[in-house]
Amino acid sequence: MQNIKLNDGTVIPQVGLGVFRARDGEQTEQSVLWALEAGYRHIDTAKAYRNEASVGSAIRKSGIPREEIFITTKVWNEDVRQGTTRRACLESLRKLGTDYIDLYLIHWPAEGYELAWKDMERLREEGHVRSIGVSNFHMHHIDTMMIKGKVLPSVDQIEAHPYFTNQKLIDDLKERGIAVEVWSPLAGGNHAAELLAEPALLEIGAKYGKTAAQVVLRWHLQRDTIVIPKSVHQDRIIENFDLFDFELRDEEMQQISGLNRNTRVGADPETFDF
Ligand SMILES: NC(=O)c1ccc[n+]([C@@H]2O[C@H](COP(=O)([O-])OP(=O)(O)OC[C@H]3O[C@@H](n4cnc5c(N)ncnc54)[C@H](OP(=O)(O)O)[C@@H]3O)[C@@H](O)[C@H]2O)c1
């Protein structure tokens, strides 16, 4: 397993389990337990996913010490708009049943995010969260936030996959020293099946004895991004973590990037309406 060092000195495992659309209760708990058993030490949840309590209970059931697991959660847009980021964080801590969050993110650049960032900085100073970051922010959102902000975000969690490589934003973030986490790394629930049937990915996978999903996830790792694939199936959870015994060649990396269509599967940070 590989780790990435963030700009505040903390370390994040490069592969994590995403739990968006994993049902609260048995389904989320079981997925997290399978992931921890497979070797994952990083779980990505959010207030909006409504499954933080199940993530927390799975971690406790696993018997793995809390400090060995990296937990990310996110403040939702209504809290950003209402100025209740601090309250939301304390509520997430209670639901997760932990006394600190490894990485706390502003989920979307909803109106009021500059003020929310001040709350995030304070939560970090107080030790409730170890690292703070953003999600779905473009460079101009970060620039606006940093007019009054003191702490540069450690992470920006953004959409990226072979159909939407998002290369310019990834390059710009890296240049600023902000680590890039990618969501929907397999193109998300509605498009993963189409992506994973791409002949180019199947051909490359056949050379290494790997699946198309493993080829795509390996492509992300070699772009130095952090990935958080979601699955609620044990075989896929294991498969999505078995990425460290092969390496894609430059021409294969380019071939995969060549699938880019510049089309998103999720909302555009400039026009989202939720
Ligand atoms: N910050 C944000 O705004 C934001 C937005 C979206 C997502 N996220 C985060 O990113 C995580 C991942 O994104 P995502 O859930 O949208 O999409 P994703 O990880 O790209 O794809 C998940 C889909 O692919 C399927 N899948 C997973 N592994 C597979 C495999 N090895 N072979 C075939 N199919 C496979 C899953 O089905 P099964 O579950 O049925 O196996 C599910 O339908 C989320 O869970 C969440 O933590 C963040």
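**Exercise 1. Two neighbouring helices**

*Solution.* Contact here requires C-beta atoms, placed from the backbone, within 7 Å of each other. Helices (H or I, at least four residues) and strands (E, at least two) are DSSP runs, numbered from the N terminus. Before going on, note that you are working with a predicted model, in which local features need pLDDT of at least 70 and side-chain atom pairs count only at pLDDT 80 or more, while totals for chains, interfaces and linings use all residues. Residue numbers start from 1 along each chain as its sequence is written.

Next, sort the contact of H9 with H10 by class: six of its residues are nonpolar, two are polar and none is charged. The nonpolar class is Ala, Val, Leu, Ile, Met, Phe, Trp, Tyr, Cys and Pro; Asp, Glu, Lys and Arg are charged, and the others, Gly among them, are polar.

Finally, look at the geometry. H9 (residues 199-208) and H10 (residues 212-222) have axes 8 Å apart and pack at an angle of about 90 degrees. Axes are lines fitted to C-alpha atoms, for helices over the stretch in contact, with angles from 0 to 180 degrees between N-to-C directions. The two helices are therefore roughly perpendicular; that class covers 65 to 115 degrees, with under 35 roughly parallel, over 145 roughly antiparallel and the rest oblique.

**Exercise 2. H4 and its partners**

At what angle do H4 and H5 cross, and at what angle do H2 and H4 cross?

*Solution.* Take H5 (residues 113-125) to begin with: its axis and that of H4 (residues 85-96) come within 9 Å, crossing at roughly 45 degrees. That makes H4 oblique to H5. Thr85, Arg86 and Cys89 of H4 make the contact with Ala116, Asp119, Met120 and Leu123 of H5. By class, this is four nonpolar, one polar and two charged residues.

Now turn to H2 (residues 52-62), whose axis comes within 7 Å of that of H4, again crossing at roughly 45 degrees. H2 is thus oblique to H4. Here Glu52, Ala53, Val55 and Gly56 of H2 meet Ser92, Lys95 and Leu96 of H4. The classes are three nonpolar, two polar and two charged residues.

**Exercise 3. Positive phi in loops**

Is serine 184 buried or exposed, and where is it placed?

*Solution.* Begin with the expectation: most residues other than glycine have a negative phi. Serine 184 has a positive phi, near 45 degrees, and lies in the loop between E9 and H8. It counts as buried, with 25 C-beta neighbours inside 10 Å.

Repeat the steps for arginine 21, where phi is positive at about 70 degrees. This arginine sits in the loop between strand E3 (17-18) and helix H1 (26-38). Arginine 21 is partly exposed, having 13 other C-beta atoms within 10 Å.

**Exercise 4. Around the ligand**

Which helix gives the largest share of the shell around the ligand?

*Solution.* The shell has 28 residues, with Gly18, Phe20, Trp183, Leu186 and Lys230 the closest; a residue is near if its C-beta atom, placed from the backbone, lies within 6 Å of the molecule. H8 (188-195) and H11 (234-239) each supply at least two residues. The largest share, three residues, is that of H8. By class, the shell holds 12 nonpolar, 12 polar and four charged residues.

Conventions
A residue is buried if 20 or more other C-beta atoms lie within 10 Å of its own, exposed if 12 or fewer, and partly exposed in between; C-beta atoms are placed from the backbone.
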